[in-house]
Amino acid sequence: MSWGTELWDQFDNLEKHTQWGIDILEKYIKFVKERTEIELSYAKQLRNLSKKYQPKKNSKEEEEYKYTACKAFLSTLNEMNDYAGQHEVISENMTSQITVDLMRYVQELKQERKSNFHDGRKAQQHIETCWKQLESSKRRFERDCKEADRAQQYFEKMDADINVTKADVEKARQQAQLRHQLAEDSKADYSSILQRFNQEQWEYYHTHIPTIFQKIQEMEERRIVRIGESMKTYAEVDRQVIPIIGKCLDGIVKAAESIDQKNDSQLVVEAYKSGFEPPGDIEFEDYTQPMKRTVSENSLSSSKEGKAELKFGGKSRGKLWPFIKKNKLSLKLGATPEDFSNLPPEQRRKKLQQKVDDLNKEIQKEMDQRDAITKMKDVYLKNPQMGDPASLDHKLAEATQNIEKLRLETQKFEAWLAEVEGRLPARSEQARRQSGMYDGQTHPTVTNCAQDRESPDGSYTEEQSQESELKVLATDFDDEFDDEEPLPAIGTCKALYTFEGQNEGTISVVEGETLSVIEEDKGDGWTRIRRSEDEEGYVPTSYVEVYLDKNAKGAKTYI
């Protein structure tokens, strides 16, 4: 089967067909190119997705990834990042092994096709020129023959006419002979040209055209083979990354299988355990006794209420609330106490232990730096040309000073840690019931603060200064807030522990007591409650169990 013999007369159709083949190849190149763009876009979207859900450094999200489920999710994000990388590999390999190679081949194919069909047109033009020469010689031979016949007839006519002179007859005879000679020459020329044309035509249809068409056929078959090989490469590029993609998916499955619900539950206990013991039974108070009942340790009545009435000239305590609002704002803006006294005992212990560990790491780092400086100084002493040993004295003294500061800091936190660890096991029921997250009693610290009282924000203020401040505030602003309407209740709460509110804006509660909630926790750890119309204040949110009324509107906050 050969195009040269089977399609010898289909030059134009072969030209169209080969152009169609090149168009198909270019269409396939465009398809692969768009596939590579899709792979790149998909890989980019996967990477962005993985990055979007990665935990932010030094944030609360990073702490959440201690749970096995979160760790598995993080592993999934990392595996998806590797998964995206394999799609980038697909795009790169398809570009280098298919797109670039085929685009270069298409240019070569176009050049080869152009050359073959140029040779074919040249052969066509040559045979057409030969045909035109043959037609021309044929017409000339036909014309000369007709003229010779006319000349012969004229001579015979003149020779038969008796009235024609002998000279005219001779002239007609010579003219007839000349025309016959021209006809013979035209005949010989026509015969020669015809033989040459037949030879050219035979060579054209049996040599030139078959050769050219055979080259075109081979070119087209190479194109078909090339596009088939490219399709195999297309599949192979995908197949090469399947094992790696499978490993990524296996990694996700392995991460999922590593999730341990019991371990996560234990982490929740460690994260939120307060260290408090459950409340005990409430003692019975017999009101039938005629004797005057003494004030119990758990009673909310205290001498400070009398002091408050004395300080404010008998005016209701509710008039202090604008300043209590201000105090709460200071709590929100205030820093966490250095000894973490605002946390429950167990959480405080963990924070202090973590702080001690961090300080020990810093001490070790400074010691390593000091050792390095010492070694460098020794090198300078042995080899003075390398440097001046005295130039390192300042750095060495600074490192030693830093170590001493860190050790003092560590001792301070270790003292607080020893206090917490020594107090937790030995706490009595009465001590537990009278203490809470914000302990009102004096804390022994490294510094001498025995005469101070601890405020809810962790600072220490003397009671005398506190009383003076309350007196001034009450005197200056009593009249301004005489007509202030009390905030509506938005729910109720039950005290889980006893809390001694000894600072401005706080209120004392007894374990088991039920009160009204007028402002819920805004995220600062305090809830505003009311016992009666004239007695309200803030308590730690962790000390009460809140039951909000779904239909109630939140109290308006004055800041």
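1. Residue L46 sits in helix α2. In this predicted model, L46 is buried, its relative accessible area being 8%. Once neighbours within four places in sequence are set aside, the contacts of L46 are M80, Y83, A84 and H87.

2. Helix α2 covers residues 11–52 and helix α4 covers residues 68–160; their axes come within 8 Å and cross at roughly 165 degrees. Angles over 145 degrees count as roughly antiparallel, so α2 is roughly antiparallel to α4. The crossing of this pair is left-handed. In the contact of α2 with α4 there are 24 nonpolar residues, together with 13 polar and ten charged ones.

3. S91 may be read from the α4 side. This residue belongs to helix α4 and is buried, with a relative accessible area of 2%. Leaving out residues up to four places away in sequence, S91 touches T36, E39 and L40. What is the relative accessible area of S91, and is the residue buried or exposed? The value is 2%, and because buried means under 20%, S91 falls in the buried class.

4. Helix α4 also packs against α5. The angle between α4 and α5 is about 170 degrees, and their axes are 6 Å apart. These two helices are therefore roughly antiparallel to each other. The residues of the contact of α4 with α5 comprise 45 nonpolar, 21 polar and 24 charged.

5. The remaining pairing is that of α2 with α5. Here the angle is about 15 degrees and the distance between the axes is 11 Å. Angles under 35 degrees count as roughly parallel, and α2 and α5 are therefore roughly parallel to each other. The crossing in which α2 passes α5 is left-handed. By class, their contact holds 15 nonpolar, four polar and four charged residues.

6. In soluble globular proteins, nonpolar side chains tend to be buried together. In this model, the largest nonpolar core has 39 residues, of which L25, Y28, M94, I98, F213 and I216 touch the most other members. Helices α2, α4 and α5 (166–257) each supply at least two residues of this core. Which helix gives the most to the core? Helix α4 does, with 15 residues.

7. Not counting residues up to four places away in sequence, L25 touches L102, Y105, V106, L109, R223 and I227. Another core, of 16 residues, lies apart from the largest one; A495, F499, V539 and Y543 are among its members.

8. L7 is placed in the loop between α1 (3–6) and α2. With a relative accessible area of 26%, L7 is partly exposed. Its contacts, leaving aside neighbours within four places in sequence, are S2, L14 and F213. L7 and F213 are 206 residues apart in sequence, yet 8.2 Å separates their C-alpha atoms. F213 is also among the core residues named above as touching the most other members.

9. Q217 gives a second example. This residue is in helix α5 and is buried, with a relative accessible area of 3%. Which residues does Q217 touch, not counting those up to four places away in sequence? They are M1, S2 and W3. Between Q217 and S2 there are 215 residues of separation in sequence and 7.9 Å in space, C-alpha to C-alpha.

10. Some totals for the chain complete the note. The secondary structure amounts to twelve helices and seven strands. Of the 559 residues in the chain, 35% are buried. Among contacts between residues at least 6 apart in sequence, 76% join residues at least 24 apart.

Methods: Residues numbered from 1 in each chain as written. Predicted model: local features only at pLDDT ≥ 70, side-chain atom pairs only at ≥ 80, totals over all residues. Heavy atoms only, no water. Axes fitted to C-alpha atoms, helices over the stretch in contact; angles between N-to-C directions. Helix = DSSP H or I, 4+ residues; strand = E, 2+ residues; numbered from the N terminus. Parallel < 35°, antiparallel > 145°, perpendicular 65-115°, else oblique. Left-handed = near helix turned anticlockwise from the far one by under 90°. Nonpolar A, V, L, I, M, F, W, Y, C, P; charged D, E, K, R; others polar. Core = buried A, V, L, I, M, F, W, Y, C linked by side-chain atoms within 4.5 Å. Buried < 20%, exposed > 50% of the residue type's maximum accessible area, 1.4 Å probe, protein only. Contact = heavy atoms within 4.5 Å.
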